[in-house]
Amino acid sequence: YKDKQTNIIGHFGLGFYSSFMVADKVTIDSLSCQKNAKPAFWECDGTTSYSIGDGSRKEPGTTITVHLNNDSKEYLDFTRMRDLIEKYSNFAPFPIEMEKKVINQKEALWNRKPKDVSEEEYKEFYKSVFHDFQDPLFWIHLNVDYPFLLKGILYFPKISNQLELQRGKVKLYCNNVFVADNLREFIPEFLLLLRGGIDIPDIPLNVSRSFLQQDQNVKKISKYIIKKVSDYLNDLFKEDRKKYEQYWEDIHQFIKYGAITEDGFYDGVKDIIIFKTVSGEYLNLQELKGLIKTEDKQLKIYYASGEDNQISYLKMMKDAGKEVIIADEIIDTHLFQHLEMKNGDLVFARIDSELNEEFVDKEKQELVDADNKTELDRLKEIFDNGLGNKDIQVQVKRLKNKDIPGLVVFNEFMRRMQDMNNLISKKEQSLLRNHEFIVNADNPLIKKVMKLNAQGKSDQVNLLCKYLHSLSLMEQKQFSGKDLNDFVNNTYKVLDLL
């Protein structure tokens, strides 16, 4: 563009020419601020030719008119245009107005030094850019000039529900010009759960994923961001642990996901991954290990799926003085497997995956009858026959807690397989169909079953066996369909025995 009058066209670049995708025609009416300049008019319909003539402007400036085609009338909508301006021109160095209202931000806070930005400015910037009425938990201001240029802010949003985990968005900019959203080749995937902007002047505007995959600087930048985030979290943990614990419910998904997927991040945060215990404390892995007293080489950490689940098991663990952590998220199963892989001496076990021998009363001497069978042997026969299900392995024990009639125990490995299958398929799987049913021989209800069996009341015995098993199973899952119908019908029958 040698003609000084049409030099304005080069200024608008790719953004200007993209308008021909939605327009039948584009016109420019421009008047230079130079003395004695004449207004110029430029017109093009998107082909290789254009026309230039005299313009009509009386004051210096430029008017660009886009004549939208019939398929692009949506861009006349105020909301649609506002969203586009906010996305692509939010930090343009001049105000962009619509209906006499300035739409863009004009200033990206990451261009200022962290010491020059107030806490209130950080919060207002976050709310304005990400349209969130809540304050962010905290943020990390990135400002690097060697060995590469990088500026940005990463915000940790407050998560009030699981759906909001999908709302994170980290935007990539080049000299304040929007380039792309959430580039996994550039920003580690777990960081995409956050919100923020990163500006890298050396990234070209027409950046491609293949370029990012091969560029060595991109790999260095990614490692830098990972280290910067883990360092910040470690500092917070050491300097104000109480505040870190308060943040944990909002940031734990992000930290756990990062630890599982990025070895570099795991190395940085392995000592600040904390677990909430049933007693309400937050302990990291080393602190939990310190509570375990065992002569075995392998350390076992017990967990429950919730504070209101597996009540019978939790009570027995409490009576035995054993600590239990809460693991009520799907990601916890994957985290446990990752930690077991990284720590060969460690294993996680749900409290209902086994019967701890400390819960069993072994002091009572078992007597045998004329058939050389103990009371425990007789009870096993009764419940084997009463349940009539080969997938259920019956064991009879004398538990120290006599209030519990029975417990259902699922294999830890099979449970984890079930959890993973649930992620893949919504259809309920039957991996947990095989399980153990621990019958407590010293419970009054179990003794009543034996008494009814001695009286030859086999129908009542079978009914109670199935009903007591169902009651124990209720601590493991919700009943639905046929299972729920059978349980309700059996409840009516049991009540009829009273």
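Predicted model: local features only at pLDDT ≥ 70, side-chain atom pairs only at ≥ 80, totals over all residues.
Helix 11, residues 375–387, and helix 14, residues 458–473, pack at an angle of about 85°, and their axes lie 8 Å apart. Helix 11 is therefore roughly perpendicular to helix 14, given that angles from 65 to 115 degrees fall in that class. On the side of helix 11, the contact is made by Ile382, Phe383, Asn385, Gly386 and Leu387. Helix 14 contributes Val461, Asn462, Cys465, Lys466, Leu468 and His469. Sorted by class, the residues in this contact are 6 nonpolar, 4 polar and 1 charged.

The secondary structure amounts to 15 helices and 19 strands. The protein has 498 residues, of which 43% count as buried. Among contacts with a separation of 6 or more, 63% are between residues 24 or more positions apart.

I turn now to the salt bridges. How many does the structure hold? The count is 32, and I shall discuss several of them.

One of these joins glutamate 43 to lysine 25, with the closest N and O atoms 4.0 Å apart. Glutamate 43 belongs to strand 2, residues 40–44, and lysine 25 to strand 1, residues 23–31, so the pair ties together parts that are 18 residues apart in sequence. Both ends are partly exposed: the relative accessible area of glutamate 43 is 26%, and that of lysine 25 is 28%.

Another salt bridge brings together the side chains of arginine 241 and glutamate 287, at 2.9 Å from N to O. Here the elements concerned are helix 6, residues 241–261, which holds arginine 241, and helix 8, residues 285–291, which holds glutamate 287; the pair therefore ties together parts that are 46 residues apart in sequence. Arginine 241 is partly exposed at 23% relative accessibility, and glutamate 287 is partly exposed at 30%.

Are the partners in the salt bridge between aspartate 352 and arginine 350 buried or exposed? Aspartate 352 and arginine 350 are both buried, and their closest N and O atoms are 2.8 Å apart. There is also a network, in which salt bridges with shared partners connect Glu119, Lys123, Lys127 and Asp135.

Tryptophan 139 sits in strand 7, residues 138–144. With a relative accessible area of 17%, tryptophan 139 is classed as buried, because the class takes in values under 20%. For tyrosine 232, the distance along the chain from tryptophan 139 is 93 residues, while the C-alpha atoms of the two are separated by 9.3 Å.

Where does threonine 277 lie? Its place is the loop between strand 12, residues 274–276, and strand 13, residues 282–284. Although in a loop, threonine 277 is buried, with a relative accessible area of 0%. Its side chain makes a polar contact of 2.9 Å with the side chain of serine 279. Beyond its neighbours within four places in sequence, threonine 277 is in contact with Leu283, Glu323, Val324, Ile325 and Ile326. One of these, Leu283, falls within strand 13, which spans 282–284.

Conventions
Residues numbered from 1 in each chain as written. Heavy atoms only, no water. Helix = DSSP H or I, 4+ residues; strand = E, 2+ residues; numbered from the N terminus. Buried < 20%, exposed > 50% of the residue type's maximum accessible area, 1.4 Å probe, protein only. Axes fitted to C-alpha atoms, helices over the stretch in contact; angles between N-to-C directions. Parallel < 35°, antiparallel > 145°, perpendicular 65-115°, else oblique. Contact = heavy atoms within 4.5 Å. Nonpolar A, V, L, I, M, F, W, Y, C, P; charged D, E, K, R; others polar. Polar contact = N/O pair within 3.5 Å; in protein donor to acceptor, adjacent residues only side chain to side chain.
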